[in-house]
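Student: Could you take me through one part of this structure closely? I would like to look at a cavity and at what surrounds it.

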Amino acid sequence: MTRDTIANLITSIRNADMNKKRTVRIPYTNIGENIVKILLREGFIENVRKHQESNKYFLVSTLLRKKRKNRKGIYQKRTILKRISRPGVRIYSNYQQIPKILGGTGIVILSTSQGIMTDREARLQRIGGEILCYIW
């Protein structure tokens, strides 16, 4: 049995956001830590810390609450995360063909030979890789 840790991370964050939870606890992996650091740097989450509980490590993330105002009042904007490359179907792209999400508003997280990075960083360094997920 294989486990998709990236899908687990994305689903945990998505479920916490939909249920209006403030914090989410994610099992610790190196890939998960790098993705959460990117989310922190890009402003999708407020805070992250490493927590140990009975010889197991967890990442505890505090989600950012975005509020927008429309004619009917204030509503909360949801963060949308979508897993692209899966264990059964890997999706690769060179730096010229990395998609832009919502005209550059969203981000694409890639796994490259230089580590996990966003689409903007990959285009600047002119390297491609496996497309892990879209976030907007």
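Tutor: The structure holds one cavity of 30 Å³ or more. A cavity here is a set of points, on a 1 Å grid over the protein atoms alone, where a 1.4 Å probe fits but cannot get out. The model is predicted: local features need pLDDT of at least 70, side-chain atom pairs count only at pLDDT 80 or more, and totals for chains, interfaces and linings use all residues. Residues are numbered from 1 along each chain as its sequence is written, and side-chain values use heavy atoms, without hydrogens or water.

The largest cavity has about 70 Å³ of space. Its volume is the space filled by probe spheres set on the points. Lining residues have an atom within 4 Å of a point. They are Ile13, Asp17, Leu39, Phe44, Ile45, Leu63, Leu64, Thr79 and Leu81. Seven of the lining residues are nonpolar, one is polar and one is charged.

Now take Leu39, one of the lining residues. Leu39 is also among the buried residues of helix H2, with Gly32, Ile35, Val36 and Ile38. Buried means under 20% relative accessible area, with a 1.4 Å probe and protein chains only. Seen down the axis of H2, the buried residues fall within an arc of 155 degrees, so they line one face of the helix. The arc is that of the directions from the helix axis to the C-beta atoms.

H2 covers residues 30-42, which makes 13 residues. From first C-alpha to last, H2 reaches 19 Å, close to the 18 Å expected at 1.5 Å a residue. Just after H2 comes Gly43, with a positive phi of about 90 degrees.

Methods: Helices (H or I, at least four residues) and strands (E, at least two) are DSSP runs, numbered from the N terminus. The expected span of a helix is 1.5 Å times one less than its number of residues. Buried means under 20% relative accessible area, exposed over 50%, partly exposed in between (1.4 Å probe, protein chains only). On a 1 Å grid over the protein atoms alone, a cavity is a set of points where a 1.4 Å probe fits but cannot get out, and a pocket is an open set with protein on both sides within 12 Å along at least five of seven lines; lining residues have an atom within 4 Å of a point. Ala, Val, Leu, Ile, Met, Phe, Trp, Tyr, Cys and Pro count as nonpolar, Asp, Glu, Lys and Arg as charged, and the others, Gly among them, as polar.
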